[in-house]
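The stops below go residue by residue, then to a pocket.

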Amino acid sequence: PGAPVAPPPVVVDFEDERIPDACRPLIAQIRFLISDIEERAAAQPVFCPMVMELGQMRDQHLPKMLISYFEIPPQHRAEIFRRTGKSASFLLTESLQKMADRLDAMSRSLAQDNIDAFTSNLRFIEGRYGEEFNPA
């Protein structure tokens with residue numbers, strides 16, 4: 001048996017008018033972060049599992065979340081509120097925020113080596129050329 005085959009991407013229109021206005025900036029942020037992290041992670045093979053998760057988020061999780069929201073007839077969205085105490089649009093926003101938070105954490109993780117190297121270089125420069133430096 002070969003490597004598992006990813007399911008085909010779920011297609012959704014990110015400009016769909018049914019997307020609540022409050023969700024649009026989050027969707028844009030999620031899409032940007034996925035693209036940015038994929039590009040940065042491609043140069044570092046150790047992050048292969050991260051790239052797989054990003055692909056799932058981009059091709060499956062984000063579009064399926066939106067489609068499941070779209071498929072609730074507007075006249076029945078109140079049922080979500082009765083069950084959860086929160087509106088469907090609020091829950092959608094909350095879920096998108098969780099995705100964005102996960103992407104922020106992935107981005108920080110990917111950047112950690114660069115942050116550590118920069119911090120190390122700062123200490124070196126300060127030690128070498130800082131106020132305490134006395135060439136005499």
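Predicted model: local features only at pLDDT ≥ 70, side-chain atom pairs only at ≥ 80, totals over all residues.

Residues are numbered from 1 along each chain as its sequence is written, and side-chain values use heavy atoms, with hydrogens and water left out.

**Stop 1: Arg 18.** Select Arg 18, in the segment before α1 (24-42). Helices here are DSSP runs of H or I, at least four residues, numbered from the N terminus. Arg 18 is partly exposed at 42% relative accessibility (buried is under 20%, exposed over 50%, partly exposed in between; 1.4 Å probe, protein chains only). Show its side chain: a polar contact of 2.7 Å runs to the side chain of Asp 16 (N or O atoms within 3.5 Å, one able to donate a hydrogen and the other to accept it; residues adjacent in sequence count only if both atoms are side-chain atoms). Beyond four places in sequence, Arg 18 contacts Tyr 69 and Phe 70 (heavy atoms within 4.5 Å).

**Stop 2: Asp 59.** Move to helix α2 (residues 48-70) and pick Asp 59. Is Asp 59 buried or exposed? Buried, at 18% relative accessible area. Select Pro 9 and Val 10 too; Asp 59 touches both, with residues up to four places away in sequence not counted.

**Stop 3: the pocket lining.** Select Val 5, Ala 6, Pro 7, Met 52 and Gln 56. Of the 10 residues lining the largest pocket, these lie nearest its centre. A pocket is an open set of 1 Å grid points over the protein atoms alone where a 1.4 Å probe fits, with protein on both sides within 12 Å along at least five of seven lines; lining residues have an atom within 4 Å of a point.

Definitions and conventions:
Helix = DSSP H or I, 4+ residues; strand = E, 2+ residues; numbered from the N terminus.
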